[in-house]
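Here is a short briefing to read alongside the model. Please keep the sequence and the 3D view open as you go.

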Amino acid sequence: MLRPDYPIKTVRLLLRPFETTDLDDVLAYRKLPEVNRYLYSEPSDRVDAAERLAKQVDQCELTDEGQELVLAVVLPEADRVVGEVGLTWHSQEHRQAEIGYVFHPDFQGKGYAREAAAVLLDLGFDGLGLHRVQATCDSRNEPSWRLMERLGLCREAHFKECEIFKGEWRGVFVYAMLADEYRKLK
Ligand SMILES: CC(C)(COP(=O)(O)OP(=O)(O)OC[C@H]1O[C@@H](n2cnc3c(N)ncnc32)[C@H](O)[C@@H]1OP(=O)(O)O)[C@@H](O)C(=O)NCCC(=O)NCCS
């Protein structure tokens, strides 16, 4: 069970549950083809983005496996949501979860995704008592796998052409960190 106290403050960011009033900020990145390039989603219009946001508003705690915690990442100096991070609780018995992240291109390349994703590792290992946290990405999504490596996750697998994605074969990298490895990095 994970019920964090919000907002969670990092050096430069605030992480908090989404609010319906975040729609303009969310649409600003969800509508962009380059942001959706390696996501299962397609570029959103306002209606799609509002539907997604309405679900995310309630995804602020983990009470059972299968649920996803999704947090808005706010840059106070810009007074806006610049991205989002998520922690999906795959198994209570095996203490496994998966992290994910999506940021507006204007706020990429500044270390914000790393700063926010590090909070997910803290919540997962310290808050939820996980044994292993995984992250996966398209093998062509270099910004994503480079971020996993900066966070300290290790590449465990490269599944070549393992699925048809948006009309073409794609490979998938699987990265992970174990609780022991997390504690050594702290
Ligand atoms: C994946 C994604 C979140 C990575 O974002 P990112 O901004 O590249 O990641 P980071 O926050 O770790 O930033 C790292 C970059 O910021 C730079 N940086 C600048 N200032 C920094 C600082 N103060 N601290 C740390 N890094 C800093 C780093 O040097 C690095 O640049 P480089 O990639 O040129 O070496 C982003 O590309 C994204 O949202 N993509 C679209 C959605 C997507 O594909 N999500 C993943 C699905 S699996």
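A polar contact here is a pair of N or O atoms within 3.5 Å; within protein, one must be able to donate a hydrogen and the other to accept it, and residues adjacent in sequence count only if both atoms are side-chain atoms. With that in hand, a nitrogen atom of the ligand is found 2.8 Å from a polar backbone atom of Tyr101. This is a predicted model, in which local features need pLDDT of at least 70 and side-chain atom pairs count only at pLDDT 80 or more, while totals for chains, interfaces and linings use all residues. Residues are numbered from 1 along each chain as its sequence is written, and side-chain values use heavy atoms, with hydrogens and water left out.

**Backbone contacts to the ligand**

- An oxygen atom of the ligand lies 3.2 Å from a polar backbone atom of Gly111.
- Tyr112 has a backbone N or O atom 3.2 Å from an oxygen atom of the ligand.
- On its own the ligand has 960 Å² of accessible area, and the protein covers 70% of it (Shrake-Rupley method, 1.4 Å probe; for residues, only the protein chains shown count as cover).

**The shell around the ligand**

- Around the ligand there are 21 residues, of which Tyr101, Phe103, Gly109, Ala113 and Arg150 come nearest (a residue is near if one of its heavy atoms lies within 4 Å of the molecule).
- By type, the shell divides into 10 nonpolar, six polar and five charged residues (Ala, Val, Leu, Ile, Met, Phe, Trp, Tyr, Cys and Pro count as nonpolar, Asp, Glu, Lys and Arg as charged, and the others, Gly among them, as polar).
- Helix α5 gives the most to this shell, with five residues (helices are DSSP runs of H or I, at least four residues, and strands runs of E, at least two, numbered from the N terminus).

- His104 sits in the loop between β5 and α4, and is buried, with a relative accessible area of 8% (buried means under 20%, exposed over 50%, partly exposed in between, with a 1.4 Å probe and protein chains only).
- The C-alpha atoms of His104 and Glu34 are 9.8 Å apart, although 70 residues separate them along the chain.
- Arg132 belongs to strand β6 and counts as buried because its relative accessibility is 16%.
- The side chains of Arg132 and Gln96 are joined by a polar contact of 3.0 Å.
- Val47 lies in helix α3, residues 46-56, and counts as exposed because its relative accessibility is 54%.
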